[in-house]
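User: I would like to learn how to read helix packing and aromatic pairs from a model. Please take the general idea before each case.

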Amino acid sequence: MSAPHLPKVAGIDPEVPVSTHTAAPLREVPAAPGAFIQDRLAGWVSDLTTLHELTERLAGTATLDAALNELLHAGAALVGARRGLLVLEPAGPGTPSTTLGLGLSHADLGHLETVERGATALGRVLDGVPGTADGIAGPDLLGDKDLDPRHREVATRLGYAASYALPLASEQAGRLGGAAWLYDEPGEPSEKQRHLVGLYARYATEHLARLIELERARADVATVAEELLPSRLPRIPGVQLAARHRTGPRGGGDWYDALPLPEHTLGLAVGSVGGSGPSAMAAMGRLRASLRAYAVMEGEDPVAVLSDLELLLRLTEPARTATALFAYCEPVARKVVLAGAGHTPPLVLGERRCEFVETTLSAPLGMLACWEAPSVEFSPAPGETVLLYTDGLLRRTGDPMDRAFARLHSAAASVPKAGRHDPAAVADHVLRTMLPDGLDRTDSAEDVVILAAHFD
């Protein structure tokens with residue numbers, strides 16, 4: 001007859017005892033104190049190594065979503081669970097509540113949300129019920145006679161029999177939310193597992209708090225940047241406009257403008273101020289406001305507009321440089337006169353051509369003692385779109401500039417014919433093609449601006 005199995009603990013394989021069928025009974029020999037201490041030390045070192053590796057991986061996450069996913073997976077490994085869910089409920093504005101699942105579909109999370117909050121261990125942890133600070137284990141949910149009927153129904157439907165919930169809280173960060181891990185069979189984490197996951201959760205809470213503040217700062221930066229740009233684009237007969245703007249995480253100095261001028265003419269501008277952060281954003285706001293004033297006074301002459309802008313920049317901010325492009329448009333006559341200061345050339349897209357406008361080489365504003373460059377005049381054909389953009393669109397691709405220009409040309413040429421009469425569709429297609437897989441919202445310091453003008 002074999003020896004009975006040890007009680008099962010979630011995440012821990014039961015030890016297999018030595019068979020009792022031996023030639024002669026063995027006398028128990030007490031372990032030497034030194035060997036016992038070495039075993040304990042080896043266990044501690046192993047636990048600390050595991051904890052260090054998991055915290056290092058968490059520290060390497062740069063976004064809130066990545067950190068939450070890493071926390072769920074690491075916690076599941078520490079407590080020996082296969083599935084879990086996490087609820088983030090940070091205090092303060094700017095960061096909404098977030099629910100994330102591990103091994104659970106959206107439908108599964110929906111079923112869990114139908115259970116009364118106070119009837120689940122995770123709900124009690126989220127509410128900060130006394131006695132939940134060190135976590136709550138539900139080792140046999142279906143065997144609990146006092147279990148909420150709806151909770152029992154959902155647990156049976158999803159196929160979990162035990163749970164362990166832990167708050168995401170620390171002294172400095174406060175309570176940010178909670179996590180729960182689900183077991184397919186009755187069981188609970190061991191005391192050592194609870195200790196390790198508790199240490200990890202406290203570290204994770206501090207990391208999440210930093211990322212939350214960073215997300216809020218990024219949202220504030222994006223809001224300020226958008227407020228410094230036009231709230232709406234003007235409506236001028238003969239032309240349709242669309243713009244797309246992506247701000248870097250620290251806030252940059254890329255901008256655009258569309259200004260209605262007398263006699264149904266239009267001024268279009270894009271530019272980029274050197275640097276990033278609040279200083280670059282403030283300079284961008286000042287530069288854009290100044291260009292609007294110069295455009296109203298002498299918009300018919302783009303060279304004069306940029307010359308005045310360069311003089312202002314050199315006198316008021318001598319240590320700063322900027323690139324800019326200003327175009328004076330007569331939509332009804334389909335005439336465009338433009339001048340650029342170190343800026344990327346426009347691209348014209350139509351039924352019969354997709355090409356960059358030939359512009360003269362010129363230095364950025366603030367680089368020379370006196371800036372001057374000749375203007376360029378061209379005539380868009382009916383149905384053609386002129387695309388103005390900043391070099392952030394090229395730099396975010398990570399390609400060398402010559403390859404990035406080729407990539408932009410290919411992206412514009414591939415705009416579907418059905419969407420070529422819609423400047424918004426053109427801008428969106430170019431943005432998606434140039435920056436796929438979320439690169440338009442990457443942590444790159446580069447801003448991105450696209451201004452599309454479609455001539456009827």
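This is a predicted model: local features need pLDDT of at least 70, side-chain atom pairs count only at pLDDT 80 or more; totals for chains, interfaces and linings use all residues.

User: How is the packing of two helices described, and what are the values for helix 7 and helix 8?

Analyst: Two packed helices are described by the angle between their axes and the distance between the axes. Here, helix 7 (residues 278–298) and helix 8 (residues 302–316) cross at roughly 140°, and their axes come within 9 Å. Helix 7 is therefore oblique to helix 8, since the antiparallel class takes angles over 145 degrees. The crossing of these two helices is right-handed.

User: Which residues of helix 7 and helix 8 meet?

Analyst: On the helix 7 side they are Leu-287, Ser-290, Leu-291, Tyr-294, Ala-295 and Glu-298. They meet Ala-304, Val-305, Leu-306, Asp-308, Leu-309, Leu-312 and Leu-313 of helix 8. By class, the residues of this contact are 10 nonpolar, one polar and two charged.

User: At what angle do helix 10 and helix 11 pack?

Analyst: Helix 10 and helix 11 (residues 423–434) pack at about 135°, with 9 Å between their axes. These two helices are therefore also classed as oblique to each other, and helix 10 passes helix 11 in a right-handed crossing. Helix 10 contributes Ala-404, Arg-407, Leu-408, Ala-411 and Ala-412 to the contact, while helix 11 contributes His-429, Val-430, Thr-433 and Met-434. The contact of helix 10 with helix 11 has six nonpolar residues, two polar and one charged.

User: How many aromatic pairs does the structure hold, and how is such a pair read?

Analyst: A pair of aromatic rings is described by the distance of the centres and the angle of the planes. The structure holds one aromatic pair. The ring centres of Phe-356 and Phe-405 are 5.6 Å apart and the planes stand at 85°, so the pair is edge-to-face. Phe-356 lies in strand 12 (residues 354–356) and Phe-405 in helix 10 (residues 401–413); the two are 49 residues apart, and the pair links distant parts of the chain.

User: What are the relative accessibilities of Phe-356 and Phe-405?

Analyst: Phe-356 has 24% and counts as partly exposed. Phe-405 has a relative accessible area of 22% and is partly exposed.

User: Is Leu-315 buried or exposed, and where is Leu-315 found?

Analyst: Leu-315 is found in helix 8. With a relative accessibility of 63%, Leu-315 counts as exposed. The C-alpha atoms of Leu-315 and Gly-366 are separated by 9.3 Å, and these residues are 51 residues apart along the chain.

How values were computed:
Residues are numbered from 1 along each chain as its sequence is written. Side-chain values use heavy atoms; hydrogens and water are left out. Axes are lines fitted to C-alpha atoms, for helices over the stretch in contact, and angles run from 0 to 180 degrees between N-to-C directions. Helices (H or I, at least four residues) and strands (E, at least two) are DSSP runs, numbered from the N terminus. Angles under 35 degrees count as roughly parallel, over 145 as roughly antiparallel, 65 to 115 as roughly perpendicular and the rest as oblique. A crossing is left-handed if the near helix is turned anticlockwise from the far one by less than a right angle, and right-handed if clockwise. Contact means heavy atoms within 4.5 Å. Ala, Val, Leu, Ile, Met, Phe, Trp, Tyr, Cys and Pro count as nonpolar, Asp, Glu, Lys and Arg as charged, and the others, Gly among them, as polar. Rings of Phe, Tyr and Trp (its six-membered ring) pair if their centres lie within 6.5 Å; planes under 30 degrees apart count as stacked, over 60 as edge-to-face and the rest as tilted. Buried means under 20% relative accessible area, exposed over 50%, partly exposed in between (1.4 Å probe, protein chains only).
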